[in-house]
Amino acid sequence: MTAAVAAPGDEVQKIEQQVREVVAEALARELSEVKLETLLMGDLGAESLDFLDIVFKLERAFDIQITRGEMERAARGSMSDEEFSPGGVISEAGLARLRELMPEAAQHIQPGLRPAQILSLFSVRTFANLVLAKRQGQSV
């Protein structure tokens with residue numbers, strides 16, 4: 001869950017392709033159905049448990065570690081829970097933070113979004129960007 005990271009073009013394309021392959025395998029889909037902009041839940045029917053499988057497969061494929069707490073902290077940044085989602089709805093500042101972290105999902109990040117809906121914003125590109133950041137030693 002991070003904005004695109006600078007890396008040599010060939011490496012980026014290789015990682016994006018491998019992430020597409022991991023997602024296709026985890027969701028039992030044809031690779032042709034899994035594009036970078038494909039939303040995992042909305043387009044491919046992924047469920048919460050599928051995300052765990054995808055994360056596990058990405059960790060093994062790229063020798064990285066992705067924790068749930070780390071992903072939640074990345075969404076909030078330095079904002080407290082109350083600043084990020086007062087009353088259970090993501091604030092305008094929280095929405096801006098999500099748009100910065102997930103530019104590929106910006107059109108889906110709208111007022112009224114709840115924290116539990118953040119997973120619905122994940123695309124294949126979200127995971128590719130996450131892998132790229134982790135490979136470059138950045139936390140998400």
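This is a predicted model: local features need pLDDT of at least 70, side-chain atom pairs count only at pLDDT 80 or more; totals for chains, interfaces and linings use all residues.
On the α3 side, the contact is made by Ala74, Ala75 and Arg76. Helix α5 contributes Arg97, Leu98 and Leu101. By type, the contact of α3 with α5 comprises four nonpolar residues, two charged residues and no polar ones.

Charge pairing was examined next. Side chains of opposite charge can pair when their charged atoms come close. The structure contains eight salt bridges. One of them joins Glu16 to Arg125, with the closest N and O atoms 3.4 Å apart. Glu16 belongs to helix α1 and Arg125 to helix α6 (residues 124–135), so this pair ties together parts that are 109 residues apart in sequence. Glu16 is buried, because its relative accessible area of 14% falls under the 20% cut-off. Arg125 has a relative accessible area of 23% and is therefore partly exposed.

Arg125 also meets Glu37 in a salt bridge, at 2.6 Å from N to O. This pair again links distant parts of the chain. Glu37 counts as partly exposed, at 42% relative accessibility. Through shared partners, salt bridges join Glu16, Glu37 and Arg125 into one network.

A further salt bridge is formed by Arg29 and Glu33. Their closest N and O atoms are 2.6 Å apart. Arg29 counts as partly exposed, with 28% relative accessibility. Glu33 is likewise partly exposed, at 33%.

The backbone was considered last. Most residues other than glycine have a negative phi. Ala28 has a positive phi, near 50°. Ala28 sits in the loop between α1 (9–26) and α2 (48–62). With a relative accessible area of 72%, Ala28 is exposed. Asp63 is not a glycine either, yet its phi is positive, at about 55°. The loop between α2 and α3 (68–76) holds Asp63. Asp63 has a relative accessible area of 73%. That value is over the 50% cut-off, so Asp63 counts as exposed.

How values were computed:
Residues are numbered from 1 along each chain as its sequence is written. Side-chain values use heavy atoms; hydrogens and water are left out. Helices (H or I, at least four residues) and strands (E, at least two) are DSSP runs, numbered from the N terminus. Buried means under 20% relative accessible area, exposed over 50%, partly exposed in between (1.4 Å probe, protein chains only). Contact means heavy atoms within 4.5 Å. Ala, Val, Leu, Ile, Met, Phe, Trp, Tyr, Cys and Pro count as nonpolar, Asp, Glu, Lys and Arg as charged, and the others, Gly among them, as polar. A salt bridge is a side-chain nitrogen of Lys or Arg within 4 Å of a carboxyl oxygen of Asp or Glu.
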